[in-house]
Amino acid sequence: MAEEYKEALLEKHKYHDGCPGCKVEQMKQLRRGYPYLELSFVWIIVLSTSLPISSLYPFLYYMIEDFGVAKTEKDIGFYAGFIGCSFMLGRALTSVFWGIVADRYGRKPIILLGTISIAIFNALFGLSLNFWMAIGTRFLLGSFNCLLGTMKAYASEIFRDEYQATAMSAVSTAWGIGLIIGPALGGFLAQPADKYPNVFSKESIFGRFRYALPCFTISAFALVVTVLCCFIPETLHNHKQDITSDDDSYEVLEDASHKSGKKEKASQGSLLKNWPLMSSIIVYCVLCLHDTAYSEIFALWANSPRKYGGLSYSTNDVGTVLAISGLGLFSFQVFVYPFAERLLGPVLVTRFAGALMIPIQLSYPFIANLSGLSLSLLLNSASILINVLSVSAITGLLILQNKAVDQSQRGAANGIAMTAMSLFKTVGPAGAGILFSLSERRLNATFLPGSHLVFFVLNVIVVVGVALTFKPFLTAARR
């Protein structure tokens, strides 16, 4: 009986021998049960690409200080912004290219290239001897960081339709947790000879290169992921796709055949004229700008002295806060987000998440006036909420983007999204660093003194992002 069911199911679809994409489609049709293995692969690959992006933030303040390029403490934020944005600039210049290559030659080769480049260039960044070497290695790391756009396309192709929300949640959760765990690793493992003298001596490589250990740790993880990626299936079809449908009815199949010509022409149309895609990308870019600016500002604010409105936190203290936030984010995205997305839909989730971030960010300058247990409780609670809400808002937009295009254009579409997002994120760290440096020079201002200024600007970005989620600007594709 089971064999007859499988044969009947497969007869409904036309598969091509030797096509890796068809093999994946067959697997999706026949397989039942929760896709734990696929989720695990998506999770660790996205995690490997997000870990190095913000792992430098907890120690960047001290790294700039060691380079000796900043004349005063107030100038450190200015130089920190340029190292932060060099990664995003490199990614902005190459994302569309990698997307086109992924559409032509497959997802798997690009995934392998991305994990290998992380292992090489992130390790070199940890060995930086001066400011310009740090900028150069981060730029190269960004230029070869081709994983996120490719993985969004891959995740939308490897999962059945009923698990699409779970797939995009897995991508954004792993991405968000990497952006939190990365800084936690950077905080705990930076300057190991000073923190753990019984394990690392001043004469060792980690004593001479004080920020190499967190970079080497992430590079080692990327190497392990590279080996595991050798076993993932390719999802790209190597032939012209046929019109298929998951609906058994004759009417649906007949209707699909009549529309096949129109769909083929539409799929080859300019992606820039695809407004459901472009509108979701624009909103996505605005919220990603906030996410990157917030990550840098939070670390700089926590590290800066109390006399400038900061918390005087060490790298370990920042790492602890971010590790707790990562645990909270993981729990929410795994157990709560898929239910919220099914109940409200991706657009409403994005709106509510953005609106709730505003009052929380307004509270940060006041949290800095606290100390002891009350500071720890409120700061950790606020950090968890901001990270949960930020990732939830972005996840909904990832779902909209991948629904707006066919598979043949999905890699290029995600490449466009990555390029636009990277341009915004290039502005984010540089602008955040300059803004933070400015805020420390206006502690006695009448309007928005000190850190009030930076968190106000972050809220303005969120307000713009939420406003753009309403019609007629944001429209969803009907597929």
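This dialogue walks through selected features of a predicted model.

Reader: What does the secondary structure of the chain come to?

Author: It comes to 22 helices and 0 strands. Of the 479 residues, 57% count as buried. The chain exposes about 20,500 Å², and carbon and sulfur atoms supply 66% of that area.

Reader: How much of the contacts with a separation of 6 or more comes from residues 24 or more positions apart?

Author: Such residues account for 80% of the contacts in the chain with a separation of 6 or more.

Reader: How should I read two packed helices?

Author: Two packed helices are described by the angle between their axes and the distance between the axes. Take helix α17 (residues 337-344) and helix α18 (residues 346-362): their axes come within 7 Å and cross at roughly 115°. Angles of 65 to 115 degrees count as roughly perpendicular, and α17 and α18 are therefore roughly perpendicular to each other.

Reader: Which residues make the contact between α17 and α18?

Author: On α17 they are Y337, A340, E341 and L344, and on α18 they are P346, L348, V349 and F352.

Reader: How many aromatic pairs are there, and how do I classify one?

Author: The count comes to 19 aromatic pairs. The angle between the ring planes sets the class, and over 60 degrees counts as edge-to-face. W275 is in helix α15 (residues 275-303) and F473 in the segment after α22 (451-467), so the pair links distant parts of the chain, 198 residues apart.

Reader: Are W275 and F473 buried, exposed or partly exposed?

Author: W275 has 36% relative accessibility and therefore counts as partly exposed. F473, at 24%, also counts as partly exposed. The cut-off for buried is under 20%.

Reader: Why is the pair of F298 and Y364 edge-to-face?

Author: The ring centres of F298 and Y364 are 6.2 Å apart and the planes are at 75°, so the pair is edge-to-face. F298 lies in helix α15 and Y364 in helix α19 (residues 364-367), so this pair ties together parts that are 66 residues apart in sequence. Both F298 and Y364 are buried.

Reader: Which residues do ring pairs link into a cluster?

Author: The cluster consists of F78, Y79, F82, F131 and W132.

Reader: Where do charged groups sit over rings?

Author: Such a case is judged by the distance of the charged end from the ring centre and by its direction relative to the ring normal. The charged end of R138 sits over the ring of F125, 5.5 Å from the ring centre. R351 lies over the face of F470, at 4.1 Å from the ring centre.

Reader: What is the peptide bond from K471 to P472, cis or trans?

Author: The bond is cis, with omega near 10°.

Reader: Which residues have a positive phi although they are not glycine?

Author: Q191 and S312 are examples. Q191 has a phi of about 55° and is found in the loop between α9 (164-189) and α10 (192-195). S312 has a phi of about 60° and is found in the loop between α15 and α16 (315-335).

Reader: Are Q191 and S312 buried or partly exposed?

Author: Q191 is at 11% relative accessibility, so it counts as buried. S312 is at 43%, so it counts as partly exposed.

How values were computed. Residues numbered from 1 in each chain as written. Predicted model: local features only at pLDDT ≥ 70, side-chain atom pairs only at ≥ 80, totals over all residues. Heavy atoms only, no water. Helix = DSSP H or I, 4+ residues; strand = E, 2+ residues; numbered from the N terminus. Buried < 20%, exposed > 50% of the residue type's maximum accessible area, 1.4 Å probe, protein only. Contact = heavy atoms within 4.5 Å. Areas by Shrake-Rupley, 256 points an atom, 1.4 Å probe, with all protein chains shown as cover. Phe/Tyr/Trp six-rings, centres within 6.5 Å; stacked < 30°, edge-to-face > 60°. Lys NZ or Arg CZ within 6 Å of the ring centre and 35° of its normal. Axes fitted to C-alpha atoms, helices over the stretch in contact; angles between N-to-C directions. Parallel < 35°, antiparallel > 145°, perpendicular 65-115°, else oblique.
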